[in-house]
Amino acid sequence: MSSLLERLPFLTNISSPYTLLFSVAGVLLCHGVVSVYRAKSGLGFLPGRTLLISPATVIGNFVLPRIRGISTGRNFLFVNKYSEFERFGASAYRLEVTSSRARFPKPTELYAVLAFFGRNIVVSEGDEWKKYRKISAPAFSEKNNKLVWDETVSIVEGLFADVWGDKKEIVVDHVVDITLPLALFVIGAAGFGQHMSWKDTEVCPEGHKLSFKQALHHVATDVFIKLAVPGWAMGLTDRTRQTRLAFDELETYISEMIRERTADGAVEKNDLFSNLLASNASDSEKNAMTEQELAGNVFIFLIAGHETTAHTLAFAFAYLALYPEEQEKVYQQIKTVLPNGGSPSYEDRTKLDRCIAAYYETLRLVPPVTNVPKFSAEDTTLTITNAQGEKVVIPVPKGTQIALDTAGLHYNPLYWEDPHAYKPDRFLSDYNRDAFLPFSAGSRSCIGRRFFEVEGISALTLILSKYKISIKEEPQKERVLNARAGITVTPIRVPLVFTRRD
Ligand code: HEM
């Protein structure tokens with residue numbers, strides 16, 4: 001049998017381990033250079049950075065600092081916004097990528113870890129995804145939207161009554177301490193049909209080690225531990241053991257709910273989970289989801305909707321505090337809708353367009369999801385716009401990874417006048433919908449968009465109707481907008497003051 005050295009003649013004069021090492025490194029280097037050349041030529045030598053590690057990977061976005069030629073540094077897509085496109089003089093237009101799901105599917109292997117409880121809408125593609133989307137879509141019904149509104153109002157009123165009391169001024173050191181539980185309670189009530197309170201009054205039912213609220217809270221906040229730590233290591237520290245317990249407990253709660261709500265005589269509810277079960281029951285047996293798939297899907301609504309919502313509320317409050325004149329415009333509209341105070345009703349929502357404009361402008365400036373990954377399923381082309389505003393067609397070989405860079409698009413001056421300025425009014429008249437991508441677009445766009453919008457409008461209306469928001473005096477006010485990379489773009493510290501209006 002011929003040896004490796006005989007088969008690789010250029011390695012035959014090896015005289016020391018160092019020579020072997022250098023030779024192997026040389027071969028790898030040549031291989032790397034050829035691969036990069038092939039990749040660049042495949043894309044028609046599209047201008048842009050050549051990096052060893054993409055900023056659209058976990059290691060590139062979360063771990064490595066900026067190293068020339070290797071990595072861009074953490075949270076790069078958000079930090080750099082449009083500047084990379086400006087530097088290289090080209091920007092892709094997203095329309096083609098989001099409108100053709102078959103040509104540009106999702107690289108599902110990136111999401112595989114999110115199938116803890118079962119296969120679901122986020123981790124799937126093709127026919128499997130179609131089945132999940134078809135059964136899930138009716139869950140986000142008009143009745144559910146109304147439930148989201150009513151539950152949000154009741155949860156915010158609970159915050160006023162149980163936490164803020166009759167204080168004239170409430171100082172919050174980091175506003176996510178309010179928005180994370182708020183978003184969790186809303187998904188608990190309108191997602192799972194489980195009411196939770198700001199007070200720690202929940203009792204742990206028999207047979208459980210955690211209350212539903214505790215399990216949901218730990219799962220939502222510690223999902224990154226479950227993603228990062230291998231199963232065998234979950235028993236090593238108190239924190240990881242707590243996370244493991246919370247996931248086990250939530251899984252048990254979900255199974256119990258499936259049994260309760262599919263039993264004969266179960267009360268009709270409009271939360272996402274009940275709606276999902278009803279939608280599943282009406283599908284033919286062949287196409288219906290299994291119990292595991294139901295658990296997987298309802299769990300993924302929690303993960304996809306919790307942090308995105310909580311961080312958007314936090315940044316929206318921060319911007320309104322930084323721009324009191326914009327806050328005043330929203331408040332004046334709220335006053336015309338609720339002239340006698342009181343709670344806003346679901347029917348009021350369409351009259352509150354300044355609230356939604358404030359959220360959209362926040363989502364434009366701080367899109368929680370900075371990279372929507374896709375790949376090319378075939379040899380194809382894409383049309384890009386160069387710095388001169390001309391359309392240029394570039395080749396895209398099969399297998400090319402594509403990142404829809406939402407911050408890059410949202411700060412592009414071709415589509416947004418004065419893109420760095422906070423101007424919610426731009427969303428009150430016609431705007432370029434194709435250049436606004438916080439919820440992605442096309443058939444795989446966010447299924448929970450309305451859920452978020454309804455929650456956001458009702459929470460903001462109620463809070464602003466009673467309180468003025470300002471920044472806690474700090475030397476550098478703009479710091480409140482600083483963000484780091486997390487599962488979604490994460491505010492670092494937003495210290496706010498809520499001052500009662502009466
Ligand atoms: C500010 C709030 C939100 C933002 C910015 C947001 C953003 C997004 C984005 C960008 C995607 C596409 C991700 C991708 O293709 O990789 C997505 C998908 C999704 N979102 Fe949201 N989301 C928000 C709120 C919610 C809420 C409240 C829920 C559920 C209650 C939810 C459930 C989902 C689900 C299930 C998907 C997967 C849809 C599919 O693949 O067919 N989202 N979201």
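Helices (H or I, at least four residues) and strands (E, at least two) are DSSP runs, numbered from the N terminus. Cysteine 446 sits in the loop between α17 (406-410) and α18.

This is a predicted model: local features need pLDDT of at least 70, side-chain atom pairs count only at pLDDT 80 or more, and totals for chains, interfaces and linings use all residues. Residues are numbered from 1 along each chain as its sequence is written, and side-chain values use heavy atoms, with hydrogens and water left out.

**The iron atom**

Cys446 (SG) is the only protein donor of the iron atom of the ligand, at 2.3 Å. Donors are N, O and S atoms within 2.8 Å of the metal (3.2 Å for Na, K and Ca); water is not among the atoms, so sites may look incomplete.

**The ligand shell**

The ligand is surrounded by 28 residues; a residue counts as near if one of its heavy atoms lies within 4 Å. Tyr111, Trp129, Arg133, Arg444 and Cys446 are the closest. By class, 18 are nonpolar, seven polar and three charged. Here Ala, Val, Leu, Ile, Met, Phe, Trp, Tyr, Cys and Pro count as nonpolar, Asp, Glu, Lys and Arg as charged, and the others, Gly among them, as polar.

| Residue | Distance to a ligand oxygen atom |
|---|---|
| Tryptophan 129 | 2.8 Å |
| Arginine 133 | 2.7 Å |
| Arginine 444 | 2.9 Å |

Elements giving two or more residues to the shell are α7 (126-136), α14 (291-322), β5 (371-375) and α18 (449-466). The largest share, six residues, comes from α14.

Methods. Polar contact = N/O pair within 3.5 Å; in protein donor to acceptor, adjacent residues only side chain to side chain.
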